[in-house]
Amino acid sequence: FILNSKKEEVDAEHYIAIVTAGTSDVPVAEEAAVTAETFGHAVHRIYDVGVAGIHRLFRRLDEIQKASVVIVIAGMEGALVSVVGGLVDVPVIAVPTSIGYGSNLQGLTTLMSMLTSCASGITVVNIDNGFGAAYSACMINRLNHNRKENE
């Protein structure tokens, strides 16, 4: 199944925002970004905007809210997913990472936190699954792009 066999970039209006809580989440984010770009989708990288310094998130909130779909990547307790989910009106794909300390359990605590988020519109993929998140985001973004073309 090929999402965009023409290798053309979807118009810049329909982009995927990839948001990380911290810099340690960047390797998983880059896996997602490269995957989405390979399928021809525009990507906005918004890194290191976790809730521990929430002012950094608010500086980039307009850009995040204009995305067609948002991938949020976080370790530790995964709180960024609930925050972003409550601030956007588009699908959010949550990616727990195995990064963290204390009782992180290689990402299991983050996964459980994301699965129990009370924010609506959040879908959770497996731990460190940047590829899976990007693939799903590409399908969502393609639907938005096709809908716009048919209007």
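Which residues of the largest nonpolar core touch the most other members?

## Basis

This is a predicted model, in which local features need pLDDT of at least 70, side-chain atom pairs count only at pLDDT 80 or more, and totals for chains, interfaces and linings use all residues. Residues are numbered from 1 along each chain as its sequence is written, and side-chain values use heavy atoms, with hydrogens and water left out.

## Nonpolar cores

Val19, Ile64, Val70, Val72, Leu80 and Val84 touch the most other members among the 23 residues of the largest nonpolar core, a core being a set of buried (under 20% relative accessible area, 1.4 Å probe, protein chains only) Ala, Val, Leu, Ile, Met, Phe, Trp, Tyr and Cys residues joined through side-chain atoms within 4.5 Å. Two or more residues each come from β1 (15–20), β2 (42–46), β3 (69–74), α4 (79–87) and β4. A second, separate core has 20 residues, including Ile18, Val69, Val95 and Ala137.

Not counting residues up to four places away in sequence, Leu80 touches (heavy atoms within 4.5 Å) Val19, Thr20, Ala21, Val49, Gly50, Val51, Leu57, Val72 and Ala74.

## The loop between β4 and α5

Thr97 lies in the loop between β4 and α5 and is buried, with a relative accessible area of 0%. Its side chain reaches the backbone nitrogen of Gly75 at 3.3 Å; leaving aside neighbours within four places in sequence, the residues in contact with Thr97 include Asp25, Ile73, Asn104 and Asp128.

Leu105 is placed in the loop between β4 (92–96) and α5 (108–115).

Note on methods:
Helices (H or I, at least four residues) and strands (E, at least two) are DSSP runs, numbered from the N terminus. Buried means under 20% relative accessible area, exposed over 50%, partly exposed in between (1.4 Å probe, protein chains only). A polar contact is a pair of N or O atoms within 3.5 Å; within protein, one must be able to donate a hydrogen and the other to accept it, and residues adjacent in sequence count only if both atoms are side-chain atoms.
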